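Student: I have a structure open and would like to go through its parts. Could we begin with how they are arranged?

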Amino acid sequence: MKERLEAAFPSLLEELTQLVAIPSVSSDPAHAADVERSAEHIRERFAALGLEAKVLRETAADGTEGKPALVAHTPHIEGAPTVLLYAHHDVQPVGELSRWSMDPYKAEVRGDRIYGRGSSDDGAGITVHLGSLSILGEDLPVNVVVFIEGEEEIGSPSFTAFLDAHKDELAADVIVVTDSSNWKVGEPAVTSTLRGNAIVTVDVTVADHAVHSGAFGGPLLDSVAISSMLIASLFDEKGDVAVPGLGGSDHADVDWPEEELRAAAGMVEGLQLAGSGDIAARMWTKPSISVIGFDARPVSNASNTIAPHTRFRLSMRTVPGVDPTEAQAKLVDYLLSHAPFGARVEVTAEDAGAGYQADMDSPVTKALHESLTEAWGVPSVNIGVGGSIPFISDFQRIFPNAQVVVTGVEDPLTNAHSEDESQSISDLKAAILAEALLLTRVASL
């Protein structure tokens, strides 16, 4: 199998380059045609491997038309188990182009890494599926369903509708989600937990109109200052989230050296880490709150007036196993009960997505560990991931008898969602081999 991978890998790396070249930004209507082109491109690639492949879409519950998704089936093997391989073909916007060292849609290989938007998230995941099926060929011992959606980066709004509409053809005994991370470059991992996510929008009002800051400043605090106080109240003196009842654990299975975290995050010198407990636990098994949007007068338009109203949005990562809607309600209650100086605070609950806890004792999880260890040549580990993949709970709900495992190809240097996104080439090759090994092992479980 390794010999087949060596022979096929140059063309697979070229395939990843072609995926990077398609700006399939699902959040931008200007790129709608590119999302369509991306779906058709991967349909052609899987069809070329002999799969029955088609592009489908469904309408979300709110009436929004879903983005195109690929569904492909290998020739049926009677009596063999079925494995669903998941990935997504949409990508994040490039953000500030000036912060990239290259054209985001023209892949570049530098040493052991390939750079470009979607080179890892999740073009690498698609390439893993293409690669594992390519090197197994007619020796594939299981039935495979490939499901590659086109709206993961916007929260998969039509995901539930899609699963409901195509439940029969997506049904599987095992579901492999390839959209997570490894522990480090050269060190593979099984994702044991994912945090959930809960979003709220907060409106803070101190007056019914703007007034002169010299005439009224002092007894009347501006809404930006009040908002800042409210945000600061969300954290205790150590930097832990102060909202009660959110749960969490101070302990992780692995040690994340502080210097490696600082390098991966690009922290400025002298910045102290917030929170308590193991560093990995602070990102994997404890709640966190981030300000992801803040409406205020820009400095370029500054004027000596007291801002009467401020709006901001919070993203709270919830503890695995905690109901995100219940955690969101606790956050709402906290914000309403901690309004500084009696300001009017209004909170709107937005999206809430569930976290994930793997069944670490399942036969498929054990087979995945064996496959990762063999492919990389070093023992695989269990890691949590601070990010969220809420649709996994939909898989578990609609296919309750399927064993779900989550793995991936990213690493702490990937820079997913940011500038100069990249993928370790050696890890990509190992991930392809690991998935091929897993498919062979599933056949005998």
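Tutor: The C-alpha centres of domain 2 and domain 3 lie 25 Å apart. This is a predicted model, in which local features need pLDDT of at least 70, side-chain atom pairs count only at pLDDT 80 or more, and totals for chains, interfaces and linings use all residues. Residues are numbered from 1 along each chain as its sequence is written, and side-chain values use heavy atoms, with hydrogens and water left out.

Student: Which residues make up domain 3?

Tutor: Domain bounds come from an automatic or database domain assignment. Domain 1 takes 1–194 + 355–443 and domain 2 takes 196–247 + 287–353, while domain 3 is 249–284.

Student: How many residues of domain 3 are in contact with domain 2?

Tutor: Contact means heavy atoms within 4.5 Å. By that rule, four residues of domain 2 meet domain 3, and the number on the domain 3 side is four.

Student: How many salt bridges does the rule find across the interface of domain 2 and domain 3?

Tutor: A salt bridge needs a side-chain nitrogen of Lys or Arg within 4 Å of a carboxyl oxygen of Asp or Glu. Across the interface of domain 2 and domain 3, the number found is zero.

Student: What is the volume of the second largest pocket?

Tutor: A pocket is an open set of points on a 1 Å grid over the protein atoms alone, where a 1.4 Å probe fits, with protein on both sides within 12 Å along at least five of seven lines. Volume is the space filled by probe spheres set on the points, joined across faces, edges and corners. For the second largest pocket this comes to about 190 Å³.

How values were computed
1 Å grid on protein atoms, 1.4 Å probe; cavity = no way out; pocket = protein on both sides within 12 Å on 5 of 7 lines; lining within 4 Å.
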